[in-house]
Structures are given as structure tokens and as C-alpha cells.
Amino acid sequence: MTIQEKLRAGVLTASAAETQALAAEFAGALPSDSTLALHGDLGVGKTTFVQGLARGFGVTEAVTSPTFTIFTLHRGARTLVHLDAYRLSTAAQLDTLMLEDFLVSPYCLAVEWPEHVAAWLPSGTLHLDLGIASDERHTLRLR
């Protein structure tokens, strides 16, 4: 079973390390230029998942939530742009960030709180739902 098939079926992880390992594996299967929308409430592991993507792309620097900077850029085997859209409410705010200037192929744009910029997301965006199950394990499901 491929990583995409596993994620489409739904996966449970019991630790941040498991979530990161899953994301690192998924990084290798992502199309060359891709946008990944990470859906879920606060604390479900969106940034943890992005940390795993970064590891999968060979990024060696620390990856943290870009809540106050809105986005961060990480360079590895491919460019990872990590966007936290929580504080964005209009397309004009997004346009002022000039993200297109940072989407140098091959890239992955990982968007936390994508519902804030839903109209801006390109067609072909991959959507990943993250949550917490009743037994406290984390759930991941690719739509």
C-alpha cells in the first residue's frame, strides 16, 4: 500500500515522532510543485506534520509555527513554504505577502488554517484532515 493510499484510508499515530515519520514518507511522494492544506483544530499536529515534511525534504533547520511571521521558507531538496493563514482574512492580505516569489520549483506550500484563504488555494491542492481520536491518538486522512 502506498503512503497516499494509507493516508486516504486514514492513519492513527501515537506520538509526534510517528506523525513526523509519516509526513517524511509522504514528502517523497508529493508532486514536484504542490500545495498541501492542513485542516484541523489547534493542537492536532499540523506543525508537527510540517516538521516531518521538512525532514523528508532534507531541511536541517528547526521548523516552528509561523503564527507571527505568517510564513517561513525552508530550503532542502525542495523549497518548503510554511504558511499559517490564521490571521489572514482577505485575499489582499495574502497578496501583500508575495508568496509567488518564493514558490521556486520544486516546492511544497504547506498551509495551516487553509479555510482562511480557501478562495486563493490553487486547483489540485491536496487536503489533509488532522484530529485527535477519543483515545488521544492523532488522526490523519487525505481527502
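This is a predicted model: local features need pLDDT of at least 70, side-chain atom pairs count only at pLDDT 80 or more; totals for chains, interfaces and linings use all residues.

Visitor: Which strands are joined to S5, and how many bridges join them?

Guide: S2 runs parallel to S5 and is joined to it by six bridges, with Tyr107 as the bridge partner of Asp33. Strand S4 (residues 79-84) is likewise parallel to S5 and joined to it by six bridges, and there His82 has Ala110 as its bridge partner. S2 also pairs with S6 in the parallel sense, over four bridges, and Leu36 stands opposite Leu126 of S6.

Visitor: Which way do the residues of S5 point, and are they buried or exposed?

Guide: Tyr107, Leu109 and Val111 point one way from S5, while Cys108, Ala110 and Glu112 point the other way, and all of them are buried.

Visitor: How should I read helix H2, and against which elements do its buried residues pack?

Guide: One can begin with its span: H2 has 12 residues and reaches 16 Å from its first C-alpha to its last, close to the 16 Å expected at 1.5 Å a residue. Its buried residues are Thr19, Gln20, Leu22, Ala23, Ala24, Phe26 and Ala27, and these pack against H1, strand S1 (11-13), S2, H3, S6 and S7.

Visitor: Which residues of the largest nonpolar core touch the most other members?

Guide: In soluble globular proteins, nonpolar side chains tend to be buried together. The largest nonpolar core has 26 residues, of which Leu7, Phe26, Phe49, Leu53 and Leu128 touch the most other members. Among the elements that give two or more residues to this core are helix H1 (3-9), helix H2 (16-27), helix H3 (46-56) and strand S6 (126-132). A second, separate core of 12 residues includes Ala37, Ile70, Val111 and Leu121. Phe49 shows what such packing looks like for one side chain: leaving out residues up to four places away in sequence, Phe49 touches Thr19, Ala23, Phe26, Leu36, Leu38, Leu128, Leu130 and Leu140.

Visitor: Is His39 buried or exposed, and with which side chain does the side chain of His39 make a polar contact?

Guide: His39, whose place is in strand S2, has a relative accessible area of 14% and is therefore buried. Its side chain makes a polar contact with the side chain of His127 (2.8 Å). Beyond four places in sequence, the residues in contact with His39 include Lys46, Pro114, Glu115, Asp129 and Arg143.

Visitor: And is Thr96 buried or exposed?

Guide: Thr96, found in helix H4 (residues 91-96), has a relative accessible area of 60% and is therefore exposed. The C-alpha atoms of Thr96 and Val63 are separated by 23 Å, with the two residues 33 residues apart along the chain.

Notes:
Residues are numbered from 1 along each chain as its sequence is written. Side-chain values use heavy atoms; hydrogens and water are left out. A nonpolar core is a set of buried Ala, Val, Leu, Ile, Met, Phe, Trp, Tyr and Cys residues joined through side-chain atoms within 4.5 Å. Buried means under 20% relative accessible area, exposed over 50%, partly exposed in between (1.4 Å probe, protein chains only). Contact means heavy atoms within 4.5 Å. Two strands pair if DSSP finds at least two bridges between them. A polar contact is a pair of N or O atoms within 3.5 Å; within protein, one must be able to donate a hydrogen and the other to accept it, and residues adjacent in sequence count only if both atoms are side-chain atoms. The expected span of a helix is 1.5 Å times one less than its number of residues.
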